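Please look over the sequence and the model shown here. The paragraphs after them go through a few places in turn.

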Amino acid sequence: MKKQLDARSITMMALLIAMMVTLSRILGIETQFVKVSFTFIPEIIMGMLFGPFWTGIGSVIADFIGMSLFAKAPFFIGFTINAFLEGAIYGYFFYKKEITWKNSIQSVLVTTILINLILTPLWLAMMYQVPLNSWIIWTPRLIKTVIWIPTQAIITYFLGGVLPYKQWLSRFNRVH
């Protein structure tokens, strides 16, 4: 993990944050109880370059900017916690590592189980005073999970094949 970010790193992180906001708030599909977006792509890139802590921080910044500019629901701190944890998970699985089938699938399973199937339903139940065992929370979430786990794992793995992350890492490590 980098302790300090230089100008190049801050610029790269800002671009990735802008991509996250765009993919989540403008191009994402969101209802009251489920959200589908490709925000994980810039998050993975951020995780590869900056590690768990800074990717978590970048994800929180993206969440704050997205909520400030394009709020689709009331602000709830639980989703900001989710953003940090999701960024930290991608940083853990991909920081200075090759993207393999194993870490692609593991990262998707950890984020899906922890964020999408444990924390998000808890936050939704608290936010909307809906019982945690309500079909309103679980039906769309389970349908999304069945479709999204293989989709996201495949996209993540193939992302590793097309991104020149080794070149990026050597450029970022040269300046430090």
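**A walk through the helices and loops**

Q129 is exposed, because its relative accessible area is 66% and the cut-off for exposed is over 50%. This residue sits in the loop between α4 and α5. Q129 is not a glycine, yet its phi is positive, at about 50 degrees. All of this is read from a predicted model.

K96 lies in the loop between α3 (77–94) and α4. K96 is not a glycine either, and its phi is positive, at about 55 degrees. Its relative accessibility is 46%, so K96 counts as partly exposed; that class lies between the limits of 20% and 50%.

S104 belongs to helix α4, which covers residues 101–128. Is S104 buried or exposed? With a relative accessibility of 0%, S104 counts as buried, because buried means under 20% relative accessible area. Which residues is S104 in contact with, if neighbours within four places in sequence are left aside? They are F94, I99, A153, T156 and Y157. Y90 is 14 residues away from S104 along the chain, and the C-alpha atoms of the two are 9.4 Å apart.

In an unreviewed entry, UniProt places the feature "transmembrane region" at residues 44–66, 73–93, 105–125 and 146–165. Over residues 44–66 the chain is 100% helix and 0% strand, with the end C-alpha atoms 18 Å apart. Residues 105–125 are likewise 100% helix and 0% strand, and there the end C-alpha atoms are 28 Å apart.

The last stop is a pair of helices. Two packed helices are described by the angle between their axes and by the distance between those axes. For helix α2 (residues 40–70) and helix α5 (residues 135–162), the axes come within 11 Å and cross at roughly 45 degrees. The crossing of α2 past α5 is right-handed. On the α2 side, the contact is made by F40, I41 and I44. On the α5 side, W148, Q152, I155, T156 and L159 take part. By type, the residues of this contact are six nonpolar and two polar, with no charged residue.

Notes: Residues are numbered from 1 along each chain as its sequence is written. This is a predicted model: local features need pLDDT of at least 70, side-chain atom pairs count only at pLDDT 80 or more; totals for chains, interfaces and linings use all residues. Side-chain values use heavy atoms; hydrogens and water are left out. UniProt positions are given in the numbering used here, feature names are shortened, and annotations may be inferred rather than shown by experiment. Helices (H or I, at least four residues) and strands (E, at least two) are DSSP runs, numbered from the N terminus. Buried means under 20% relative accessible area, exposed over 50%, partly exposed in between (1.4 Å probe, protein chains only). Contact means heavy atoms within 4.5 Å. Axes are lines fitted to C-alpha atoms, for helices over the stretch in contact, and angles run from 0 to 180 degrees between N-to-C directions. A crossing is left-handed if the near helix is turned anticlockwise from the far one by less than a right angle, and right-handed if clockwise. Ala, Val, Leu, Ile, Met, Phe, Trp, Tyr, Cys and Pro count as nonpolar, Asp, Glu, Lys and Arg as charged, and the others, Gly among them, as polar.
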